[in-house]
Number of protein chains: 2
Amino acid sequence: MKTPQQIYDAEKSKIEKKLFALLEKKSPKSLYEPCDYILKSSGKRLRALLVLISAKACGMEFKKIYNASLAVEILHNFTLVHDDIMDNADKRRGLPTLHVKYDLSTAILSGDNLIAIAYENLLKDCNGNAKEVLKTFTHGIVEVCEGQSLDKEFEIRTDVTIKEYLVMIQKKTAALAEMCCKIGAELSSASKENIKHLALYGRNLGMAFQIQDDLLDIIADEKELGKKIGGDLLEGKKTFLFLSALEAAKGVEKQRLLGIIQNKGAKQNEIQYFKELYYKLGVIEKAKKEVRAYSCKAMMHLNKLKDEESKYFLKWLIETLIDRKK
Amino acid sequence: MKTPQQIYDAEKSKIEKKLFALLEKKSPKSLYEPCDYILKSSGKRLRALLVLISAKACGMEFKKIYNASLAVEILHNFTLVHDDIMDNADKRRGLPTLHVKYDLSTAILSGDNLIAIAYENLLKDCNGNAKEVLKTFTHGIVEVCEGQSLDKEFEIRTDVTIKEYLVMIQKKTAALAEMCCKIGAELSSASKENIKHLALYGRNLGMAFQIQDDLLDIIADEKELGKKIGGDLLEGKKTFLFLSALEAAKGVEKQRLLGIIQNKGAKQNEIQYFKELYYKLGVIEKAKKEVRAYSCKAMMHLNKLKDEESKYFLKWLIETLIDRKK
């Protein structure tokens with residue numbers, strides 16, 4: 001039996017080979033070169049793996065599902081291209097973002113085209129239940145758009161609650177992981193029960209992943225993270241940590257946190273103060289608990305599945321994502 | 001028997017009623033209000049009508065196909081929102097464009113969401129052959145993106161040929177009309193023959209429509225057009241007229257035309273000169289001939305259909321579009 005890491009490495013490499021060949025000979029170059037550029041930038045290819053393993057968990061062979069796994073990866077890349085415009089981001093995975101390397105029009109259009117190319121690829125692997133699979137995929141896109149809209153809305157709102165934040169990340173991050181697992185299962189004509197458990201595995205994995213992301217921004221080792229910690233504080237992002245701290249704080253400490261909202265971000269020399277405040281208020285511990293709770297829920301849904309190798313992989317995936325340093 | 005105008009008016013009004021109600025209660029408002037704004041701006045709703053009538057031509061009732069007709073209208077509105085950003089347009093149908101009324105991020109995201117909402121609606125009317133219909137729809141989106149990319153590319157290229165221009169408008173404009181007719185037929189489980197004829201009707205109608213659009217920009221009556229003529233010349237657009245003139249001109253006249261490319265547009269006081277030059281070089285007559293040729297081809301494909309009322313409507317549609325003053 002291969003180890004999960006071996007499966008991950010082998011499948012990631014196959015997915016990338018297919019992904020890199022996909023648009024090479026397409027024209028017009030003015031459209032397909034930028035699309036190819038983003039697909040070739042490095043990535044974990046996690047969503048594609050989720051489709052493959054979920055399908056395998058329901059008895060489908062990998063080889064019948066690669067196009068669908070490319071589809072979710074292409075869709076994910078569409079969100080990156082358009083989000084980078086909205087977030088005014090210059091770099092992505094160490095490279096210039098698409099709108100910086102090319103221009104705004106090219107980035108908008110490439111993102112649009114990637115949505116259609118994602119559907120094209122998904123359709124290749126659809127058979128009897130195309131309607132069901134396409135509905136799931138489309139619902140995933142709507143959720144991602146709603147989540148991104150809430151995220152942008154929260155940037156200017158001053159009264160965001162933790163509950164609202166959880167709804168936002170459920171839509172912006174978890175919905176896509178949920179969709180990946182669900183279409184993997186649906187394409188394998190799995191039972192309703194198995195589809196539900198895999199979908200909920202994906203959703204809870206996504207939630208754990210995002211809160212872990214919020215945590216890493218403040219507790220990671222800068223060398224391992226590859227960038228300075230406290231980026232979310234500098235940007236004034238209303239993360240799980242920030243909102244929990246705001247809820248728990250009183251007096252001067254609360255005023256300092258409210259200052260981040262008013263000034264739309266903390267200053268570099270305040271990061272250490274806020275890091276210590278987060279520990280003091282117990283929000284680091286609270287976030288870690290939340291990550292564990294979502295991970296446990298994800299694990300629980302796996303227990304209902306039968307294929308041992310897939311289960312083992314999906315459990316390993318949770319642990320790997322939770323233990324990650326960057 | 002109702003007149004085509006009566007059918008058009010009645011169905012347009014039904015489509016708009018459904019379209020206007022579609023997003024009213026959806027949240028978050030930050031996403032759905034702008035989506036609703038663009039759907040509620042006036043429009044000919046031509047693409048929705050093409051779906052309905054093509055379906056009827058193949059024996060399907062209107063009531064089983066409204067969601068699909070909404071889908072193409074929603075998709076068309078997505079292209080308007082993103083194109084307006086790329087073209088830096090401030091106004092659309094007399095109202096502020098979406099990125100002007102809201103902001104860039106909202107406009108990008110609303111467009112993205114409209115694509116997904118279009119798929120959602122199309123899926124509602126899909127049954128046995130969902131895969132085929134979805135493929136046609138998706139191919140339409142790819143074509144529109146490729147066409148828009150060529151259009152942007154032509155803005156900076158100086159060596160665009162008439163043949164390339166025709167490929168561009170086939171993708172940017174005609175492909176969507178073709179797709180509308182094709183999915184109308186496919187959703188009615190029409191024969192391969194009928195699907196082909198309706199698709200080619202749509203494509204040729206779209207080509208005639210676009211060249212007529214180029215013509216109107218220079219030969220229309222300003223009062224009827226509702227804006228100054230010569231807008232394409234002012235913007236330096238490489239239209240069918242401009243490229244044909246460039247091909248036919250010699251000496252000083254050719255230099256004047258090349259001047260438009262170099263200066264990225266003509267001056268207001270040159271419009272009358274170029275209008276007269278277009279007549280003199282015979283390109284107005286050439287464009288009119290081209291419009292007639294595409295219209296004839298569209299008509300020819302209708303002759304293969306059986307449903308008289310639909311045929312009559314689709315013929316009327318060509319004539320109305322060709323005779324339009326704005």
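Okay, let's start with one residue: B:Arg45 counts as buried, with 22 C-beta neighbours inside 10 Å. Buried here means 20 or more other C-beta atoms within 10 Å of a residue's own, exposed means 12 or fewer, and partly exposed is in between, with C-beta atoms placed from the backbone. B:Arg45 also has a positive phi, near 55 degrees, and it isn't a glycine. You'll find B:Arg45 in the loop between H2 and helix H3 (46–57) of chain B. Helices are DSSP runs of H or I with at least four residues, strands are E runs of at least two, and both are numbered from the N terminus.

Quick housekeeping. This is a predicted model, so to speak of local features we need pLDDT of at least 70, and side-chain atom pairs count only at pLDDT 80 or more, while totals for chains, interfaces and linings use all residues. Residues are numbered from 1 along each chain as its sequence is written, and chains are lettered from A and ligands numbered from 1 in the order in which they are written.

On confidence: chain A has a mean pLDDT of 95, and 100% of its residues reach 70 or more. That's the predictor's per-residue confidence, from 0 to 100. The model scores are ipTM 0.96 and pTM 0.96.

Another positive phi: A:Asn88, at about 55 degrees, again not a glycine. A:Asn88 is in the loop between H4 and strand E1 (91–92) of chain A. Buried or exposed? A:Asn88 is exposed, with 11 other C-beta atoms within 10 Å.

There are cis peptide bonds too. The bond from A:Ser27 to A:Pro28 is cis, omega near 5 degrees, and A:Pro28 is in the loop between helix H1 (4–21) and H2 of chain A. In chain B, B:Ser27 to B:Pro28 is cis as well, with omega near 5 degrees.

Now the pair. Chain A superposes on chain B by a rotation of 180 degrees with 0.0 Å of shift along the axis, RMSD 0.0 Å; that's least squares on C-alpha atoms of residues with pLDDT of at least 70 in both. So the two copies are related as by a two-fold rotation axis. In chain A, the C-alpha nearest that axis belongs to A:Ala130, 3.2 Å away.
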